[in-house]
Amino acid sequence: MPLLLTPSSPALPLPAPSRARFRVAASAEVGSTGRAAPAPASASASAPAPTPAKDFPPFLPRAIERIRDRAAIRLARRIERVPVQTGFSKSPIQSSCVRPLNQQQQSSDPVVLLHGFDSSCLEWRYTYPLLEEAGLEAWAVDILGWGFSDLVSRPPCDIASKREHLYQFWRTYIKRPMVLVGPSLGAAVAIDFAVNYPEAVSKLIFIGASVYAEGTKDMTRVPKFVPYAGVFVLKSLPLRLFATRLAFNTIPDGFFDWVQIGRLHCLLPWWEDATVNFMITGGYNVLNQIKQVKQKCLVLWGEDDGIISNKEAYRLQQELPSAILRQVGQCGHIPHVEKPREAAKHLLDFLGSDNMEKADQASSLSPNLVPMLSAR
């Protein structure tokens, strides 16, 4: 749920790309309108998508088997855990991410996609295939404390730990300046990281940025049952239903599926401890860091964002030393989910990609390809 309700080991070898498979996948999931495509008349809207448990990584919650959204299914099957050694953990943290199929393109910077507050890399299920089809080296990385990393040892998940974890991930596997993309609270994560490790970031992209909140303050002296009660509510289905509805301009056909995808990571046994640890240590407050950002930035916003007013988009553009602003019409808080085709175009245009035509082709639907999302 990408929305703020409260506040050197060798690189892994990249698998050989499978371009044809992703042309079909991207075309199947995203229509020419930029939204997930409806199922064809011949497909049963109630028939569940084939999702054998053995096709998913074993560390994902079993609830993944009930997901019908085929874009989510395809991306979930690619999630893996890679070891990241940090200074605050004795053993490497098995950290969840989606690695690129494209071989490293030394002529262009890798793009690292973060997610929002209490969310996961599945947030990028519609836009990731479009970026990959356009030839980008795209990584979808789970922020420490959220997503599907193995946190059985209960490492700290405060801001400093999240920052170091991302840095060590970058130093171990990416190793060159990256374009860092932060939606919602992920924008605060990106600003904090870029200011502390400017050599690691070439450009920044903010989507519906939650950067003007002052965090949760220090709650370390608050009785532990108070924050745990808060995260119990945060995990609840009614709150997730409400928050998901608030995040989008229009209700999608697969609305309940989207809710389930957004809370999937909450079913991991360490989620409550990790979230409480983040909350009681104060959360993000990057107000004084915004003007320290030196990189060129794209500020992307949904015109109908019901969570963070687009007035803050103009404020952020003015306060950043080098930023351009683009808005997505008839779109809420999460353009890369609600309007993936438009979001991908803005990202590619900002990055100066000459492969935008590939993204257009990937998002043009042919009804004779593969079955569409059965839930849509």
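Helix H4, which has 16 residues, reaches 21 Å from its first C-alpha to its last, close to the 22 Å expected at 1.5 Å a residue, where the expected span is 1.5 Å times one less than the number of residues. Helices here are DSSP runs of H or I with at least four residues, and strands are runs of E with at least two, both numbered from the N terminus. The model is a predicted one, in which local features need pLDDT of at least 70 and side-chain atom pairs count only at pLDDT 80 or more, while totals for chains, interfaces and linings use all residues. Residues are numbered from 1 along each chain as its sequence is written, and side-chain values use heavy atoms, with hydrogens and water left out.

H4 is mostly covered, since twelve of its 16 residues are buried; buried means under 20% relative accessible area, exposed means over 50%, and partly exposed lies in between, with a 1.4 Å probe and protein chains only. Just after H4, Lys175 takes a positive phi of about 70°, although Lys175 is a residue other than glycine. Most residues other than glycine have a negative phi. Lys175 lies in the loop between H4 and strand S5 (178-183) and, at 47% relative accessibility, counts as partly exposed. Ser184, which is not a glycine either, has a positive phi of about 55°; Ser184 is placed in the loop between S5 and helix H5 (185-196), and is buried, with a relative accessible area of 2%.

**A helix with a buried face**

In helix H7 (residues 237-247), the buried residues are Arg240, Ala243, Thr244 and Ala247. Seen down the axis of H7, these buried residues fall within an arc of 100°, so they line one face of the helix; the arc is that of the directions from the helix axis to the C-beta atoms. An α-helix has 3.6 residues a turn, so residues three or four places apart point the same way. The face of H7 turned away from its buried side carries the exposed residues Pro238 and Phe242.

**Salt bridges**

The structure holds eleven salt bridges, each being a side-chain nitrogen of Lys or Arg within 4 Å of a carboxyl oxygen of Asp or Glu. In one of them the side chains of Asp69 and Arg125 meet at 3.6 Å, N to O. Asp69 lies in the loop between helix H1 (19-29) and helix H2 (70-76) and Arg125 in the loop between S3 and H3, so the pair ties together parts that are 56 residues apart in sequence. Asp69 is buried, with a relative accessible area of 3%, and Arg125 is buried as well, with 6%.

Another salt bridge joins the side chains of Asp273 and Arg154, at 2.7 Å, N to O. Here Asp273 lies in helix H9 (residues 271-280) and Arg154 in the loop between strand S4 (138-141) and helix H4 (159-174), so parts that are 119 residues apart in sequence are tied together. Asp273 is partly exposed, with a relative accessible area of 27%, and Arg154, at 39%, also counts as partly exposed.

Helix H9 also holds Glu272, which counts as partly exposed at 27% relative accessibility. Not counting residues up to four places away in sequence, Glu272 touches Tyr228, Val231 and Lys235, contact meaning heavy atoms within 4.5 Å. Glu272 and Lys235 are 37 residues apart in sequence and 8.8 Å apart in space, C-alpha to C-alpha.

**Aromatic rings**

Rings of Phe, Tyr and Trp (its six-membered ring) pair if their centres lie within 6.5 Å, and planes under 30 degrees apart count as stacked, over 60 as edge-to-face and the rest as tilted. By this rule the count comes to eleven aromatic pairs. The rings of Tyr126 and Trp258 have their centres 6.0 Å apart and their planes at 50°, so the pair is tilted. This pair links distant parts of the chain, with Tyr126 in the loop between strand S3 (111-113) and helix H3 (127-133) and Trp258 in helix H8 (residues 255-262), 132 residues apart. Both Tyr126 and Trp258 are buried. Elsewhere, Phe117, Trp146, Phe278 and Tyr284 form one aromatic cluster.
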